[in-house]
Amino acid sequence: MAVLGAGTMGHGITQLYAQAGFDVYLYDINGEILQDALNKISTNLDLLFQENAITLAEKEKTLQYIFTTTNLEEAVSGSKFITEAVSENLNVKFDLFKQLEEIVDKDAIIASNTSTFSIKQLSEGVQKKDRLIITHFFNPAHLVPLVEVVKSEEIAQEIIEHTVAILKGIGKKPVVLKKGIPGLIANRLQAALVREAFYLLDNGIADAKDIDLAVSAGPGFRWAFIGPLETADFGGLDIWKSVVENLAPLLSKEEKVPPFVKEKVDNGQFGTKTGNGLFTYQGNDEVQNKIRERDIHFIRLLNIKNEEI
Ligand SMILES: NC(=O)c1ccc[n+]([C@@H]2O[C@H](COP(=O)([O-])OP(=O)(O)OC[C@H]3O[C@@H](n4cnc5c(N)ncnc54)[C@H](O)[C@@H]3O)[C@@H](O)[C@H]2O)c1
């Protein structure tokens with residue numbers, strides 16, 4: 001296994017493969033980021049241990065399966081499954097693909113974690129279009145089960161099945177799209193909801209905390225187990241027919257980012273990464289505590305979701 005790019009997504013994906021017992025070569029052009037990635041993985045594993053999801057021995061074993069390198073050839077030689085998680089820049093990805101195609105095994109699969117480029121766009125940067133696939137993980141990759149899989153017209157069914165089997169083997173819930181669409185499934189649904197949340201906040205309907213609570217204590221509580229379509233069946237399609245008929249014309253159809261969000265971005269208020277966003281955070285300690293709290297909840301939810309009933 002090889003993971004290329006050790007940033008937000010790359011380190012989590014590396015952790016997953018190592019936890020499942022694969023040797024993983026983690027490559028980045030920046031050696032400091034590699035060290036940082038190892039520290040983050042170690043912290044993630046500590047939290048899993050604290051939550052009784054793994055033993056200390058499993059933590060140590062996982063770390064032993066990870067090899068970091070700034071040498072691409074060392075990272076990918078002999079690897080049959082390569083996950084690309086470098087910066088979301090087509091030129092950077094194309095340049096990497098070009099280097100890869102000169103050194104990878106003939107039957108190696110290249111799985112891109114791109115969020116915004118279509119498989120068609122990515123394919124333009126490779127010779128062997130039949131070995132390229134998208135495996136789109138969610139942040140934090142080591143905890144969120146979903147991986148969206150996007151195939152190209154050129155790819156063989158057996159490569160899709162092999163990719164799905166690998167993802168299931170590391171405990172993920174892959175969803176293979178029948179055809180490509182910008183934003184795939186989950187980000188389209190999220191974007192629709194975030195647009196409405198921005199609208200509600202902008203129009204003073206409730207403050208940010210209460211808008212989030214209305215989701216996490218309401219629909220979001222159900223969505224961990226039943227999606228919007230099953231929810232519609234449970235509620236009754238007769239009811240949901242009226243809900244959509246009555247509400248759809250009144251929902252936000254805004255195509256632009258609302259000025260209050262743009263203003264925050266222009267002022268460098270990006271959220272947790274700058275200490276200020278839609279909420280205010282008292283320094284890095286509060287940010288780290290919030291991330292830790294989030295991850296503890298996710299680990300506990302994951303345990304519940306993995307329980308058979
Ligand atoms: N952040 C998210 O929530 C998220 C979610 C799903 C998918 N993605 C996708 O995952 C990919 C990575 O995103 P990220 O958020 O981890 O980005 P990031 O900026 O945190 O990390 C990218 C890493 O790639 C490295 N890099 C840049 N050029 C490189 C090269 N030529 N070779 C090797 N390494 C190189 C950088 O040094 C950096 O460490 C992107 O395609 C992004 O769209 C991100």
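The "binding site" feature in an unreviewed UniProt entry is placed at G5, A6, G7, T8, M9, G10, D28, E88, K93, S115, N139 and K273, where positions follow the numbering used here, feature names are shortened, and annotations may be inferred rather than shown by experiment. These residues are spread over 269 residues of sequence and are also spread in space, with up to 24.7 Å between C-alpha atoms. The model is a predicted one, in which local features need pLDDT of at least 70 and side-chain atom pairs count only at pLDDT 80 or more, while totals for chains, interfaces and linings use all residues. Residues are numbered from 1 along each chain as its sequence is written, and side-chain values use heavy atoms, with hydrogens and water left out.

**Annotated positions**

- The domain assignment of the protein chain gives domain 1 (2–176) and domain 2 (187–306), with bounds that come from an automatic or database domain assignment.
- The C-alpha centres of domain 1 and domain 2 lie 28 Å apart, and the contact, meaning heavy atoms within 4.5 Å, takes 11 residues from domain 1 and 11 residues from domain 2.
- About 1100 Å² is buried between domain 1 and domain 2, with carbon and sulfur atoms giving 63% of that area; buried area is the accessible area (1.4 Å probe) that two parts lose on being put together, summed over both.
- In domain 1, the residues that lose the most area to domain 2 are L47, E51 and L143, which together make up 51% of what that side buries.

**Charged pairs**
- Side chains of opposite charge can pair when their charged atoms come close.
- A salt bridge is a side-chain nitrogen of Lys or Arg within 4 Å of a carboxyl oxygen of Asp or Glu, and the structure holds 10 salt bridges.
- The count between domain 1 and domain 2 is 1 salt bridge, and the side chains of E51 and R300 meet in a salt bridge at 2.7 Å, N to O.
- D46 forms a salt bridge with K59, the closest N and O atoms being 2.8 Å apart; D46 lies in helix 2 and K59 in helix 3, so this pair ties together parts that are 13 residues apart in sequence.

**Backbone details**
- Most residues other than glycine have a negative phi, and most peptide bonds are trans.
- The peptide bond from N139 to P140 is cis, with omega near -5°, and P140 is found in the loop between strand 6 (132–137) and strand 7 (146–150).
- N52 has a positive phi of about 60° although it is not a glycine, and N52 lies in the loop between helix 2 and helix 3 (56–64).

Note on methods:
Helices (H or I, at least four residues) and strands (E, at least two) are DSSP runs, numbered from the N terminus.
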